Amino acid sequence: MIQAKKKLNLLKIASNFIVGADVASIEPYGSGHINDTYYINNTNKEDPGYLLQRINHRVFKDIPSLINNIHLVTNHLRSKLKEIPGADPDKEVLSLVMTNDHSYYFSDERGNYWRMYKYLKNTKSIDIVQTNEQAFEGGKAFGKFQMLLFDLDINLLNYTIPAFHHIGLRLTRLNTSLQTDPLDRKKTVAAEVEFIQHRVEHMCAILNLGREGGLPLRITHNDTKFNNILLDENDQAQCVIDLDTVMPGYVAYDFGDAIRSIINTAPEDEADLNKISLNIPLFEAFTRGYLQESAGFLTENEIRSLPLSVLLFPYMQGVRFLTDYLNGDVYYKTHVPDHNLQRARAQFQLLRKLEEQYAKIEGFIWQAANTHLNKDINTNRSEAV
């Protein structure tokens, strides 16, 4: 239970939002690393309650734009779902709660920013995908999310974290850290730097194709780890959550990020590289679900970019870990000596495994895509490795 002093403060903050009944209790909720979340139980037992969140304004610099993005996206999703027989927008879309002054966020006297969502009862999120059925449902959820938003004007949305998945920027930051070498760690990462440099051209392929106009910007989630999907009691995908990073991007970024989170049989920071292998059945299940929902609106180039993204995301995450290692571990929390170097090496080992299986991965993506298309477009595939 929250201490009385803290609870009184939260009650005061919650009073700025229009809720359906008096607040009965407020408890910490979830294990998120960015925002602080609290569950509000109210005196109306028929009401499922609310989630009150303090938005981390150090990570998200422009709160009004962030909230505007979420409001636009959730309204669009709700309007599209109303047209689908059997859909339930109240369960399948997050619902922001309005403040007393008709806004969707509140700023307290300390400069903290708060928002409130209606709580979706009888749902769960999972950190580790355990079954092919769960992976399939995850793919459906993110594919449907993109599909429902493909006709919303991206010019209406802002970039909540600019250049979030920009591999060129990540490489530039790495090179800067190598040049400055503040902790004299460069000498320990020669093999990793060579590994990165050998793959720069391939890893920039999606970015370059987009710059050349070969890939359309879409509205994408940009943080597609599996626990950003709520499942119902039957393990069916119900709602995509954590919409803070929803902004313009390439569909491949959502796909590659999701695959990175489910395909590795070992932890992200596995020290024994021999334990790192691929869970191909989970990859295939997610891909089937994703393309079942999205193949109909994707361009050929977008489908072609999907297997490339499977390689890109462990590469990019490894670059980020290595950069932080060189800088003195200032971004990611570490728990053992050289933790970020260990993480980088694990990501690069995952990438090696993916490269070994790339032809199989690429072939399955085309096969799954063609299942939902009227024509076969599996020719002229990319040569990524």
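In this predicted model, helix 11 bends by about 40° at L308. The helix comprises 28 residues, 300–327, which at 1.5 Å a residue should span 40 Å; the C-alpha atoms at its ends lie 40 Å apart, in agreement with that expectation. Helix 11 is followed by G328, which adopts a positive phi near 100°.

An open sheet is built from 5 strands arranged in the order 1-2-3-5-4, with antiparallel pairing. Strand 2 (residues 36–42) runs antiparallel to strand 3 (residues 50–55), and 5 bridges join the two. Within this pairing, Y38 stands opposite L52 of strand 3. Helix 2 (residues 63–81) packs on the sheet, where it touches strand 3 and strand 5 (113–118). The direction of helix 2 makes about 15° with that of strand 5.

With regard to confidence, the chain has an average pLDDT of 92, and 94% of the residues score at least 70. The pLDDT is below 50 over residues 1–8, a stretch that has 13 contacts in the model beyond near neighbours in sequence. Residues 379–385 also stay under 50 in pLDDT; for this segment the model contains 19 contacts beyond four places in sequence.

Conventions. Residues are numbered from 1 along each chain as its sequence is written. This is a predicted model: local features need pLDDT of at least 70, side-chain atom pairs count only at pLDDT 80 or more; totals for chains, interfaces and linings use all residues. Side-chain values use heavy atoms; hydrogens and water are left out. Helices (H or I, at least four residues) and strands (E, at least two) are DSSP runs, numbered from the N terminus. The expected span of a helix is 1.5 Å times one less than its number of residues. The bend at a residue is the angle between axes fitted to the seven residues ending there and the seven starting there. Two strands pair if DSSP finds at least two bridges between them. Contact means heavy atoms within 4.5 Å. Axes are lines fitted to C-alpha atoms, for helices over the stretch in contact, and angles run from 0 to 180 degrees between N-to-C directions. pLDDT is the predictor's confidence in each residue, from 0 to 100.
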